[in-house]
Amino acid sequence: MSLKKASELAEAGIITEPGNAAEYKTGDWRTYIPRFVEENCTHCLYCWIYCPDTAIEVDNSGDKPRMTGINFDHCKGCGICATECPTVKKGPDKAALHMDLEEK
Amino acid sequence: MEQQLVALTGNEAVAYAFKQARPHVASAFPITPQTEMMHKFAEFVANGEVDTEMILVESEHSAMSAAVGASAAGSRVITATSSAGFALMWEIVYIAASLRLPICMALVNRALSGNINIHNDHSDSMGGRDAGWIHLHSENAQEAYDNGVMSFRISEHPDVQLPTMVCYDGFIISHTADSLYMLDDADAATFVGERTPKYALLDVENPITVGPLDLTDYYFEHKVSQMEAEQRALPIIDQVSAEYGELTGRRYEHFESYKMDDAECCIVILGSSAGTTKAMIDEYREKGIKVGLMKIRTFRPFPNELIADALSGMKAIAVLDKSASFGGFGGPVFTEVRSALYQTGCRAPVHNWIYGLGGRDYDLHQAAHVIESIDKIARGEEMETINLLGVRL
């Protein structure tokens, strides 16, 4: 998105569109990227609770909410989801989240 | 327009002006010599003469913070301070201007510490001259009252939206009784009107975020819009003053020109010291010295073109500063005046006298000394550019 000129900005630096942080894509800040292995996931939603951003995607349409994946536009690769995920202590084969060095 | 002739101190006069503007919120912390202004205002609130939410905060930093919050919410807000109180709120003073909030503040000029001094000089407001506020200086209680009433119309003008400080000299004006004409409450209320903010936090239909973060890609652009607002304020201050002049018979310009029509040399000064200087100018005029006075009212935005125009015909100019800018070449007013003149072809000698620091009395002898000096300079005598007046060396 191109940068606005002084004359195009709202006065006093105020922000007039609520929730516009969603447009600022911080995914390119990553060094490590989470890899979701759905068959290992228990859908406890700890990753969603602990994610400091809004990068865990959840499907609420069924009886119970299900973790469906990562929003890579906003995931900064902090790894908190993979640290908090309870399946990780069962070993790499059974872990639902892994942090990999991202190929650029 | 029916006006009442009253005898009030400067602080009382400004308290009346602020009362007549009917602010929604007042947040303040006491400091000499401002305290009595807010005491008087609080008395009006307690007596039910004005319906203002008084927030009695724990410090001036909090006073300005509360003022910023209330103003961003959409309220008309007032506060008052001096000296160290202004210094304490310094961080938020810049924020008030950058958030474009039309807060009106009585700045009762008092020397900054150290050493601790409760008396008048201009170091406090001059210390904040880069903050983005409008600075109006008052010579006496009448001017303090008038500037107080006008400040709301200036600050709240949709093309300005900047906070204003109404400056007047501590003790000299704030605490001495003077006679002045006051509008009645209804006429003042009509002139000042209601605040109609374009943006307000309490406008839940149009939610906004106030005071977000800027990175290197946007801070500068936001500052540009502040600079432009200060420039737009200059003609608007004049328009408001013209309207006020129609209402009251007192028409203020950005500066007062006293005996300047045929002046060959002049003194540039701010505040109450102008009165003393005018008295001495009258005496020297009797002796045939063609000396005049420019008393600056609008210091920010600095009316550089108008000032340069008015001074460019002089043979010698004395700029009197009631504050020092340590390490700078001359005081704040000297620096601004000289810089403004540099734009013109005028190369008349401009000399600085720093005077009155810590409330050191500026008397007729000092005024006489300055007049005699610029008279000599106008006749070709060389003198030090930067001088100190009334100090024991």
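Figure 1. The model is predicted: local features need pLDDT of at least 70 and side-chain atom pairs count only at pLDDT 80 or more, while totals for chains, interfaces and linings use all residues. Residues are numbered from 1 along each chain as its sequence is written, and chains are lettered from A and ligands numbered from 1 in the order in which they are written. Helices (H or I, at least four residues) and strands (E, at least two) are DSSP runs numbered from the N terminus. Axes are lines fitted to C-alpha atoms, for helices over the stretch in contact, and angles run from 0 to 180 degrees between N-to-C directions. Two residues are in contact if their C-beta atoms, placed from the backbone, lie within 7 Å.

**Figure 2. The open sheet of chain B.** Six strands of chain B are ordered E9-E11-E10-E13-E14-E15, with mixed pairing. Two strands pair if DSSP finds at least two bridges between them. Strand E9 (255-258) and strand E15 (386-389) of chain B are the edges, each pairing on one side only. From one strand to the next the twist averages 20°. E9(B) is joined by four bridges to strand E11 (residues 291-296) of chain B, and the two run antiparallel. One of the residues involved is B:Phe255, with B:Ile296 in E11(B) as its bridge partner. Helix H10 (residues 273-286) of chain B also packs on the sheet, where it touches E9, strand E10 (265-269), E11 and strand E13 (316-321) of chain B; the direction of H10 makes about 165° with that of E11(B).

**Figure 3. Helices H11 and H12 of chain B.** The axes of helix H11 (residues 304-311) of chain B and H12(B) cross at roughly 75° and come within 8 Å. This makes H11(B) roughly perpendicular to H12(B). Angles under 35 degrees count as roughly parallel, over 145 as roughly antiparallel, 65 to 115 as roughly perpendicular and the rest as oblique. From H11(B), B:Asn304, B:Ile307, B:Ala308 and B:Leu311 meet B:Val337, B:Ala340 and B:Leu341 of H12(B). The contact of H11(B) with H12(B) has six nonpolar, one polar and no charged residues. In these classes Ala, Val, Leu, Ile, Met, Phe, Trp, Tyr, Cys and Pro are nonpolar, Asp, Glu, Lys and Arg are charged, and the others, Gly among them, are polar.

**Figure 4. Helices H7 and H8 of chain B.** Helix H7 (residues 141-156) and helix H8 (residues 185-192) of chain B pack with their axes 9 Å apart, at an angle of about 25°. H7(B) is therefore roughly parallel to H8(B). H7(B) contributes B:Val149, B:Phe152 and B:Arg153 to the contact, and H8(B) contributes B:Ala188, B:Phe191 and B:Val192. Five of the contact residues of H7(B) with H8(B) are nonpolar, none is polar and one is charged.

**Figure 5. The contact between the two domains of chain B.** Chain B is divided into domain 1 (3-248) and domain 2 (255-389), with bounds that come from an automatic or database domain assignment. The C-alpha centres of domain 1 and domain 2 of chain B lie 28 Å apart. Domain 1 of chain B gives 26 residues to the contact and domain 2 of chain B gives 20 residues. On the side of domain 1 that touches domain 2, helix H6 (123-127), strand E6 (134-138) and helix H9 (219-248) of chain B each supply at least two residues. H9(B) gives the most to that side of domain 1, with five residues. By class, the side of domain 1 of chain B that touches domain 2 of chain B has 11 nonpolar, 10 polar and five charged residues.

**Figure 6. A hairpin in chain A.** Strand E2 (residues 56-59) and strand E3 (residues 66-70) of chain A run antiparallel and are joined by four bridges. A:Asp59 has A:Arg66 in E3(A) as its bridge partner. Six residues lie between E2(A) and E3(A) in the hairpin. The elements of chain A run β-α-β-β-α-β from the N terminus on.

**Figure 7. The contact of chain A with chain B.** The contact takes 11 residues from chain A and 16 residues from chain B. The side of chain A that touches chain B has seven nonpolar, two polar and two charged residues.
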